[in-house]
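Q: I have a model open and would like to go through it step by step. Can we start with one loop and work outward?

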Amino acid sequence: MRILIVEDDPVLADGLTRSLRQAEFAVDCVHDGEAADHILTAQNYDLVILDLGLPKLGGFDVLKRMRRRGAAAPVLILTARDALSDRVKGLDLGADDYLTKPFDLPELEARVRALIRRGQTGGSAFLTHGPLILDTSGRRATLNGLPLELSAREIGVLEVLMLRSGRVVSKEQLAAQLYGWDEEVGANAIEVYVHRLRKKVESAGVAIRTIRGLGYLLEKNA
Ligand code: CA
């Protein structure tokens, strides 16, 4: 799942980026409102973490423009301002949640997961595909009720395939969900993850098909 952080305080931006990457999100970070506005016209995100006090273009304007373009990604506002009017204005403009600085990283992470879930699955932490169940919050999967040994990246691949089951997902789309733009992606990394994942689930009749030249497909009826 891919997150954009818009925060001009370099220390906070860096800390957020690192902790969310550790939590296995693909994270991009920009430091002013204009850069945020540009990247949001070009790239889809599963969540935007948005500071309000930003250089060049304020957070409220970034949010306003984003919603005017019809971008539906959930937005979590970060603000030092504790004023009730700011929160109300943010929510009125289409923000989904807010956190007042300073905040605890575990709380931020919990809200991030809740918001992404709300956007993707209508609130449930669990994705089900035949005998396969993925707990997107606990980052665990079971197959026929038994724990499935998966690496963090394999879980990431599985999550994207399950969210889009029955549709072809390209290698580029998978990479975009797993890596930020400044992270190195090995040439065959996605193929390797899909290959390993396939071997672990195929015995239970869960088929991940390779569609040549297009990508991968989690067969709808497992
Ligand atoms: Ca700021």
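A: Glu24 sits in the loop between helix H1 (10–22) and strand S2 (26–30). Helices (H or I, at least four residues) and strands (E, at least two) are DSSP runs, numbered from the N terminus. This is a predicted model, where local features need pLDDT of at least 70, side-chain atom pairs count only at pLDDT 80 or more, and totals for chains, interfaces and linings use all residues. Residues are numbered from 1 along each chain as its sequence is written, and side-chain values use heavy atoms, with hydrogens and water left out.

Q: What is the phi of Glu24?

A: Glu24 is not a glycine, yet its phi is positive, about 70 degrees. Most residues other than glycine have a negative phi, and most peptide bonds are trans.

Q: Why does Glu24 count as partly exposed?

A: Because its relative accessible area is 30%. Buried means under 20% relative accessible area, exposed over 50%, and partly exposed in between (1.4 Å probe, protein chains only).

Q: Where is Arg139, and what is its phi?

A: Arg139 is in the loop between strand S7 (132–135) and strand S8 (140–143). Arg139 is not a glycine either, and has a positive phi of about 55 degrees. With a relative accessible area of 21%, Arg139 is partly exposed.

Q: Which peptide bond is cis?

A: The bond from Lys101 to Pro102 is cis, with omega near -5 degrees. Pro102 is in the loop between strand S5 (97–100) and helix H5 (105–121).

Q: Changing topic: what does Phe25 touch?

A: Leaving out residues up to four places away in sequence, Phe25 touches Met1, Ile3, Leu20, Val112, Arg113 and Ile116. Contact means heavy atoms within 4.5 Å.

Q: Which residues of the largest nonpolar core touch the most other members?

A: Among the 49 residues of that core, they are Ile3, Leu20, Phe25, Ile49, Leu108 and Val112. Helix H6 (residues 152–163) gives the most to this core, with seven residues. Another core, of 20 residues, lies apart from it, and Ala36, Ile39, Val48 and Leu52 are among its members. A nonpolar core is a set of buried Ala, Val, Leu, Ile, Met, Phe, Trp, Tyr and Cys residues joined through side-chain atoms within 4.5 Å. In soluble globular proteins, nonpolar side chains tend to be buried together.

Q: And Glu149, buried or exposed?

A: Glu149 counts as exposed, because its relative accessibility is 70%. Glu149 lies in the loop between strand S9 (146–148) and H6. Apart from neighbours within four places in sequence, Glu149 is in contact with Glu154 and Lys200.

Q: What about Asp182, buried or exposed?

A: Asp182 is exposed, at 53% relative accessibility. Asp182 is in the loop between helix H7 (171–178) and helix H8 (189–201). Not counting residues up to four places away in sequence, Asp182 touches Arg21 and Val27.

Q: Now the whole protein. How many helices and strands?

A: The protein has eight helices and twelve strands. Buried residues make up 46% of its 222 residues.
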